[in-house]
Amino acid sequence: MVEPTAIRHFTEIDSTNSECLRLVNSGCELPLWVLADYQTNGRGRLNRSWLGQKGNLYASGLYSFTAPPAKSAELGFAAALAVIDAVTPFVANEQLSLKWPNDVLLNGAKLCGILLESHAGKQQGQNVVVIGIGINLSHAPEIQDRKTACLADFRKAEQSIQPQNLLPDLIESFEKWVSIWQEQGFAPLRQAWIANCCGLGDTIRTSQEDVGIFEDMQKNGALLLRKADGKAIEISAGEIFLTGQKEQT
Ligand code: BTN
């Protein structure tokens, strides 16, 4: 039987992503996960901080791949799909959706954020990837200009969802998507992501202030935006804002 991936559990830490980086530098054995009950300096995408009290999930996985950093970015989609799998038993599936690139939404509000960081490994061609996942289980912290949600407000039954109980299922699902990615490439992940995503076909705005129709997700995970002048541009970084406008037919 394959041993489950090891989890190091901290009551308090600055950031589980930062701890993973320290562990890489100390030469620890991979893969492993770091779980913290509370983060004093949680980090989000685009240099933001990630806030939250005890009761939410703060975890980071540390893996080593031979895929180059650009390909490793595809793992953010694997993580988002794994979050959907892990929380589906607790809420109605149609309440969950994926927002490009890696957010998981519950009733259209942010339930989960994912912070992917990669570093060159000690061996030639080795790429060490940290997959940081924050899921709002018990409360929804405020994020500027974003609606947030937590699982406790929408769960089907009155059971409490503890981070340490959810994490093994999340890891199992993440590793399932990673195996699919390694064996079949990004295409099945792209297909599953598109089946669960929101905003496709709608008018969106990007953090670079480009406005257009979210036409497709490309084979490399980039978003294809069709602007009013008919030109299509590829968006591979930043974030998008859903304007609620549907494409005119
Ligand atoms: C985002 O901005 O949407 C990404 C948020 C990622 C937060 C998680 S919580 C666990 C891990 N440790 C961190 O410091 N950040 C990530």
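Which residues have the most contacts inside the largest nonpolar core? They are Leu57, Ile133, Ile135 and Phe174, in a core of 57 residues. This is a predicted model, in which local features need pLDDT of at least 70 and side-chain atom pairs count only at pLDDT 80 or more, while totals for chains, interfaces and linings use all residues. Residues are numbered from 1 along each chain as its sequence is written, and side-chain values use heavy atoms, leaving out hydrogens and water.

**Nonpolar cores**
- A nonpolar core is a set of buried Ala, Val, Leu, Ile, Met, Phe, Trp, Tyr and Cys residues joined through side-chain atoms within 4.5 Å; buried means under 20% relative accessible area (1.4 Å probe, protein chains only).
- The largest core has 57 residues, and helix H3 (residues 75-87) gives the most to it, with eleven residues.
- Helices are DSSP runs (H or I, at least four residues), numbered from the N terminus.
- A second, separate core of nine residues includes Leu23, Cys28, Leu62 and Val128.
- Beyond its neighbours within four places in sequence, Ile133 has contacts (heavy atoms within 4.5 Å) that include Trp33, Leu57, Val83, Cys112 and Leu170.

**Cysteines**
- With a disulfide taken as a pair of cysteine sulfur atoms within 2.5 Å, the count is zero.
- Cys20 is in no disulfide, and the nearest cysteine sulfur, that of Cys28, is 8.1 Å away.
- Cys20 is buried, at 0% relative accessibility.
- Cys150 is also buried, at 2%; its sulfur is 13 Å from the closest cysteine sulfur, in Cys112, too far for a bond.

Terms used. Buried means under 20% relative accessible area, exposed over 50%, partly exposed in between (1.4 Å probe, protein chains only). Helices (H or I, at least four residues) and strands (E, at least two) are DSSP runs, numbered from the N terminus.
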